[in-house]
Amino acid sequence: MSMKIIHISAECYPIAKVGGLADVVGALPKYQNDIGAESSVIMPFYNNKFTQSHKFSTIFEATLKLGNQDFKYSILKIEKASVLEFNIYFVHINGLLYTENVYSDDDTDRFLAFQIGALDWILSLETKPNYIHCHDHHTGLIPFMAQESFKYETLNKIPVITTIHNAQYQGWMSYDHLFKIPRFNIERVGLLMWNDMINPLATAIKCAWRVTTVSPSYMEELKRNANGLESLLAHETLKCIGILNGIDSDVWNPETDDFIIKNYKKTSVASGKKANKKWLCAQYNLDESKPLFAFIGRLVGEKGAEILPSALNEALRANDISVIVLGSGAKDTEGQLSKLTSRYSGYYNAFIGYDEKLSHIIYAGADFLLMPSRVEPCGLNQMYALRYGTVPVVRRIGGLKDTVIDIGDDGFGICHNEVSVQDIVFSISRGKEFYKQQKEFKANQKRIMSIDHSWKVSAKAYIDLYQSINYRTK
Ligand SMILES: Nc1ncnc2c1ncn2[C@@H]1O[C@H](COP(=O)(O)OP(=O)(O)O[C@H]2O[C@H](CO)[C@@H](O)[C@H](O)[C@H]2O)[C@@H](O)[C@H]1O
């Protein structure tokens with residue numbers, strides 16, 4: 001009998017994506033299925049392009065309780081199973097979860113209801129999953145509820161695994177939300193608390209049977225810097241493990257990618273990248289004869305985004321590079337990045353917003369990808385860049401440290417130690433020099449396209465982790 005796994009997540013590509021969480025939850029189940037598991041996903045039903053353009057059928061209807069409030073909800077399933085390569089279920093709560101954006105101002109109630117709805121449904125299933133795999137703080141109370149809430153008693157022998165994709169956000173809520181959590185022995189309330197708040201991520205770390213992070217280095221870094229959870233992670237270290245993310249090599253494949261201007265493989269990388277770069281430069285008024293540096297990502301402190309305007313301003317002074325930025329986030333940074341466009345017209349442009357297609361064309365058309373992250377639990381962008389023959393320029397941190405080796409150490413990327421204007425500008429100048437040595441640069445493109453970061457190895461590592469769990473070793 002195959003192993004049944006249910007992933008519970010707020011995001012899943014291609015249904016709803018804000019960042020890397022979606023990419024992982026949209027790929028890992030597929031690769032787990034490839035190696036014989038029966039892996040599925042449950043997520044909220046949002047009001048977006050994907051849900052508007054697909055048909056769904058209702059497989060379960062009930063009312064859930066959130067404190068004094070009752071919410072009618074249903075579990076939906078996509079009608080055509082062939083849309084994705086794994087089963088996906090949705091918690092549909094009109095007026096609460098069914099919003100245009102994944103995240104909004106009332107997320108505390110929204111994700112509490114989501115978690116209760118998901119568990120109520122799992123409780124109703126005749127065949128229960130063998131493992132419940134939760135992702136990030138939005139699902140952080142599930143390990144607690146499955147273990148402590150009276151009504152879920154029959155679920156308490158199902159191992160719950162929590163993966164931390166980002167420990168900066170923890171889902172904090174005040175005590176007054178306590179009564180919304182399905183009833184439990186109040187003496188166990190300490191499991192929900194951390195620094196005088198209900199802290200779902202802390203709760204998950206305490207109650208999950210195993211805790212994983214998305215790279216080994218990030219696991220180690222969290223013991224020193226985890227936005228207040230350092231000592232907890234150090235305390236729970238025996239059940240924690242770092243497993244490096246993979247990439248979905250079907251979606252991120254320059255040979256078949258429908259989003260990009262011209263497909264290419266290792267043997268045609270030069271002409272393929274050239275065509276994509278040409279399009280980008282024409283579209284965004286950039287000089288295609290210069291090495292093209294790109295940044296793609298959320299414009300937040302973790303990504304080092306607020307330092308980019310000064311670093312790019314400095315690096316662009318000599319007009320000997322082109323730069324394209326794709327991102328959205330902090331309004332200040334958005335404004336400063338937009339402002340540079342007029343100053344360096346012809347060499348620099350920024351698209352402020354979210355655009356999946358453009359991101360693929362940038363991975364394909366850029367020569368270098370900048371990732372000056374302050375914190376990077378794994379980072380997928382650098383792995384996408386490698387697959388598309390684009391040289392990653394990264395700060396040595398978290399997953400970036402685990403996946404990029406500097407050209408000075410017989411590697412293939414450019415690494416720096418600090419999130420500073422000086423380090424970023426120096427790395428860009430190293431990139432410029434490398435670009436001048438076209439023979440080596442082209443050989444490196446082929447080399448990086450051969451690096452295998454597909455999910456195969458990591459999907460198996462998760463299965464091995466599940467199998468290593470038994471009730472006694474909880
Ligand atoms: N404006 C935009 N337009 C189009 N696409 C955009 C975009 N901004 C970002 N993206 C896309 O979003 C994804 C970002 O993924 P990352 O893993 O780099 O970061 P994120 O911080 O979201 O994820 C967190 O979770 C993941 C998964 O575990 C970890 O790898 C990571 O370190 C952790 O911070 C990529 O697919 C990227 O192309």
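In what follows, a residue is called buried under 20% relative accessible area, exposed over 50% and partly exposed in between, as judged with a 1.4 Å probe on protein chains only. This is a predicted model, in which local features need pLDDT of at least 70 and side-chain atom pairs count only at pLDDT 80 or more, whereas totals for chains, interfaces and linings use all residues. Residues are numbered from 1 along each chain as its sequence is written, and side-chain values use heavy atoms, with hydrogens and water left out.

**Salt bridges**

- Across the whole structure the search finds 24 salt bridges, each being a side-chain nitrogen of Lys or Arg within 4 Å of a carboxyl oxygen of Asp or Glu.
- Lys30, Glu85, Asp248 and Asp250 are linked in a network of such bridges, and Lys30 is itself buried, with a relative accessible area of 8%.
- Glu85 forms a salt bridge with Lys30, their closest N and O atoms being 3.9 Å apart. Because Glu85 lies in the loop between β4 (69–78) and β5 (87–92) and Lys30 in helix α1 (residues 20–34), the pair ties together parts that are 55 residues apart in sequence; helices (H or I, at least four residues) and strands (E, at least two) are DSSP runs numbered from the N terminus.
- Glu85 is exposed, its relative accessible area being 53%.
- Asp250 also forms a salt bridge with Lys30, with the closest N and O atoms 3.2 Å apart. This pair links distant parts of the chain, since Asp250 sits in the loop between β11 (240–242) and α8 (269–283) and Lys30 in helix α1, 220 residues apart.
- Asp250 counts as partly exposed, at 46% relative accessibility.
- The side chains of Asp23 and Lys17 meet in a further salt bridge (2.9 Å, N to O), and Asp23 is buried at a relative accessible area of 10%.

**Surroundings of the ligand**

- There are 27 residues around the ligand, of which Asp23, His165, Arg298, Glu376 and Gly379 come nearest; a residue is near a molecule if one of its heavy atoms lies within 4 Å of it.
- A polar side-chain atom of Lys17 lies 2.8 Å from an oxygen atom of the ligand.
- On the backbone side, a polar atom of Asp355 is 3.1 Å from a nitrogen atom of the ligand, and an N or O atom of Cys378 lies 2.8 Å from a ligand oxygen.
- Taken alone, the ligand exposes 710 Å², and the protein buries 97% of that, with accessible areas taken from the Shrake-Rupley method with a 1.4 Å probe.
- The elements giving two or more residues to the shell around the ligand are α1, β12 (292–299), β13 (322–329), α11 (356–365) and α12 (381–387), and α1 gives the most, with four residues.

**Cysteines**

- The count of disulfides comes to zero, a disulfide being a pair of cysteine sulfur atoms within 2.5 Å.
- Cys134 is in no disulfide, and the nearest cysteine sulfur, that of Cys207, is 11 Å away.
- Cys134 counts as buried at 0% relative accessibility, and Cys281 is also buried, with a relative accessible area of 4%.

**Annotated domain**

- The UniProt annotation "domain: Glycosyl transferase family", from an unreviewed entry, covers residues 283–445; such annotations may be inferred rather than shown by experiment.
- Over residues 283–445 the chain is 43% helix and 20% strand, and the end C-alpha atoms are 24 Å apart.

Conventions: Polar contact = N/O pair within 3.5 Å; in protein donor to acceptor, adjacent residues only side chain to side chain.
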